[in-house]
Amino acid sequence: MDIAATDLPVDPLDVLRKRRSAKWQTYPPDVLPLTVAEMDFALAAPVAEALREAVDRSDTGYAMATPGLGRALAGFAASRWNWDLDPASVVAVIDVGVGVVELLRLLARPGDAVVISPPVYPPFFDWVAEAGARLVEVPLAHDGAGWRLDLAALETAFAARPAAYVLCNPHNPVGRVHTPGELAALVRLARAHQVTIVSDEIHGPLVLPGATFTPLLTVPGAAEVAVSVLSASKAWNLAGLKCAAVVTAAPRMAALADRFPADTRWRIGHLGVIAAVAAFTAGEPWLDQLLTTLGHRRARLAELLRQRLPILTWDPPEATFLAWLNCSALGPGNEAREAFLERGRVALEPGLRFGAVGSGYARLNFATSGDILDQAIARMAMSVT
Ligand SMILES: Cc1ncc(COP(=O)(O)O)c(C=O)c1O
């Protein structure tokens with residue numbers, strides 16, 4: 001049987017190139033963009049239908065996220081992760097970035113330390129600065145089993161009483177799904193040193209076959225020291241519609257979200273709320289198909305790299321549609337990434353954007369068709385031989 005028969009379809013390149021989004025407009029038309037975390041698959045039917053219906057009724061005013069978003073997210077979290085979250089604890093924000101920044105503004109006084117673990121999603125660096133806090137980096141550890149939180153180094157950093165730790169759960173760009181044991185150890189450290197954990201769980205729905213996502217707030221003891229920020233925007237490709245959710249499970253953390261600037265609620269994308277509610281309530285079958293498709297793409301990428309670019313090494317991600325490629329055999333810094341772009345006309349994200357520890361790495365977005373992936377790896381291989 002053709003395993004690809006169930007894969008989600010992707011439009012041909014000439015159609016994709018008509019998209020007005022950042023992924024398809026940043027580079028000249030001869031470049032294959034495998035960059036920013038947008039997906040090339042067609043929208044989930046229930047989401048597209050909800051958006052079409054909204055446009056048909058000229059329903060394009062201000063967002064009213066309460067109570068629909070909380071109910072929809074709670075239903076999804078219960079069915080997907082067995083997480084019994086209180087819909088009333090869900091506070092809508094325009095995006096995950098704003099949710100994290102507003103939380104950090106409340107948690108950290110100017111100059112207070114906030115810890116992050118590079119290599120990590122580049123805006124983490126900017127969000128800490130935007131909140132007026134001071135960045136402390138505790139890089140991930142890497143060993144034969146792949147990437148993981150460096151709990152010993154985090155313990156040392158937490159002992160200095162930073163205001164917060166921003167966790168990436170699952171972790172972009174390495175695709176690591178932190179285990180319940182690791183998260184429990186992290187929560188113990190946070191409680192011992194009174195450090196609040198802001199858990200960015202935007203990639204939570206994107207856990208690939210073989211791994212299981214643990215929402216931080218389901219870990220015993222986490223509720224008092226943690227807050228989660230979630231969104232449908234990665235898993236259903238809705239980033240431009242602007243809607244995310246801050247979730248808490250204890251009064252002290254709920255009080256934080258209550259202190260968000262009053263105007264925050266007027267800044268949320270109305271179509272974002274409509275799309276997120278549709279995704280969380282009716283988008284699970286499509287999500288399952290997406291994860292199957294991404295599992296196939298991950299396997300194809302492994303095969304292509306083995307055949308065409310064995311000089312690159314990687315730990316196949318357990319979550320996300322992102323591959324963190326070690327290209328250091330081709331040079332330090334962003335050298336390999338520049339060669340892939342200049343000579344191969346394939347754009348990847350430069351590793352150094354993810355922190356100094358990203359030197360020699362590049363991030364590849366594989367949420368595309370098998371054909372585009374084949375072309376991209378062939379061109380990358382040609383550019384460095
Ligand atoms: C870990 C992580 N957080 C947040 C975002 C962006 O979320 P938003 O657009 O809702 O700010 C991304 C986008 O790729 C991401 O990977």
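The model is predicted.

**The ligand site**

| Protein group | Ligand atom | Distance |
|---|---|---|
| Val96, backbone N or O | oxygen | 2.8 Å |
| Asp200, side-chain N or O | nitrogen | 2.5 Å |
| Lys234, side-chain N or O | oxygen | 3.1 Å |

Val96 uses a backbone atom. Asp200 uses its side chain, facing a ligand nitrogen. Lys234 also uses its side chain, facing a ligand oxygen. Taken alone, the ligand exposes 400 Å², and the protein buries 92% of that.

**Ser199 in strand S8**

Strand S8 spans residues 196–200 and contains Ser199. Is Ser199 buried or exposed? Its relative accessible area is 0%, so Ser199 is buried; the cut-off for buried is under 20%. The side chain of Ser199 has a polar contact, at 2.7 Å, with the side chain of Glu201.

**Cis peptide bonds**

Most peptide bonds are trans. Where does the model depart from this? Thr66 and Pro67 are joined by a cis bond, with omega about 0°. Pro67 sits in the loop between helix H3 (45–56) and helix H4 (68–81). The bond from Asn172 to Pro173 is cis as well, with omega near 15°. Pro173 belongs to the loop between strand S7 (164–168) and helix H8 (180–193).

**Positive phi angles**

Most residues other than glycine have a negative phi. Asn82 is not a glycine, yet its phi is positive, about 60°. Asn82 lies in the loop between H4 and strand S2 (91–93). How accessible is Asn82? Its relative accessibility is 71%, so Asn82 counts as exposed; exposed means over 50%.

Lys242 also has a positive phi, near 70°, and is not a glycine. Its place is the loop between strand S9 (226–230) and strand S10 (244–247). Lys242 has a relative accessible area of 32%, so Lys242 is partly exposed.

Technical notes. Residues numbered from 1 in each chain as written. Predicted model: local features only at pLDDT ≥ 70, side-chain atom pairs only at ≥ 80, totals over all residues. Heavy atoms only, no water. Polar contact = N/O pair within 3.5 Å; in protein donor to acceptor, adjacent residues only side chain to side chain. Areas by Shrake-Rupley, 256 points an atom, 1.4 Å probe, with all protein chains shown as cover. Helix = DSSP H or I, 4+ residues; strand = E, 2+ residues; numbered from the N terminus. Buried < 20%, exposed > 50% of the residue type's maximum accessible area, 1.4 Å probe, protein only.
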